[in-house]
Amino acid sequence: MDTKELDFSGIDIAQNIDAAIKYFRCASNKTLLLMKNCGLTDESIEQIVTQMIEMLFTVDVLDLSHNKITDDGCEHLSKLLLENKQIKELNVSHNADIGRDGFRQLTKSIKKNTHLQVLSLQYCSIDLQQRYEAILEDISMNCTLVTLNLQGNHISDKFMHILENELGQNQSI
């Protein structure tokens, strides 16, 4: 296959995740893997992540927006971010059941990730009104993150101000 994009968007692959994974095996590594609005659950995310790691399937952009991913799914995605050194952009926006704990799982992994540049979590259920110091520490340890999109979440002004200062000190941004 020469195309650099694998687009499952809008197809309910959650009901037949094994077939989608078989397609991964036939496809060479991609630049874009789009699986937005596919009805993906934590269980299907676990299967996808496990197979991507086992097959060494790499991708630059992984779009999992508009699915049914929760904090548990973020735990699996954090494993992928630690194992897959090629992902530059991860979009899990519009997964309404991703909250503070899921965001925390992802920030723990980006602390050690040296390739991720864009992390989008728009319109999830992240509440960062207080007790966010560990999350800020993880984010500030990453030197490649250029964009962190948290639009539409419950983020305190204080968190945003500190985050802007932290990211401003990051020389790669």
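Okay, let's start with Asn 67, which counts as buried because its relative accessibility is 9% (buried is under 20% relative accessible area, exposed over 50%, partly exposed in between, with a 1.4 Å probe and protein chains only). Quick caveat: this is a predicted model, where local features need pLDDT of at least 70 and side-chain atom pairs count only at pLDDT 80 or more, while totals for chains, interfaces and linings use all residues. Numbering runs from 1 along each chain as its sequence is written, and side-chain values use heavy atoms, with hydrogens and water left out.

So where does Asn 67 sit? You'll find Asn 67 in the loop between β3 and α3 (71–83); helices here are DSSP runs of H or I, at least four residues, and strands are E runs of at least two, numbered from the N terminus.

Now look at what the Asn 67 side chain does. It reaches the backbone oxygen of Met 35 at 2.9 Å, and the backbone oxygen of Leu 64 at 2.9 Å. Cys 38 is 29 residues away along the chain, yet its C-alpha and that of Asn 67 are separated by 6.1 Å. Leaving out residues up to four places away in sequence, Asn 67 touches a list including Gly 39, Leu 40 and His 94 (contact means heavy atoms within 4.5 Å).

On to Asp 60, in strand β3 (residues 59–63). Buried or exposed? Asp 60 counts as buried, because its relative accessibility is 16%. Which side chain does Asp 60 join in a polar contact? That's Gln 86, at 2.8 Å.

Terms used
Polar contact = N/O pair within 3.5 Å; in protein donor to acceptor, adjacent residues only side chain to side chain.
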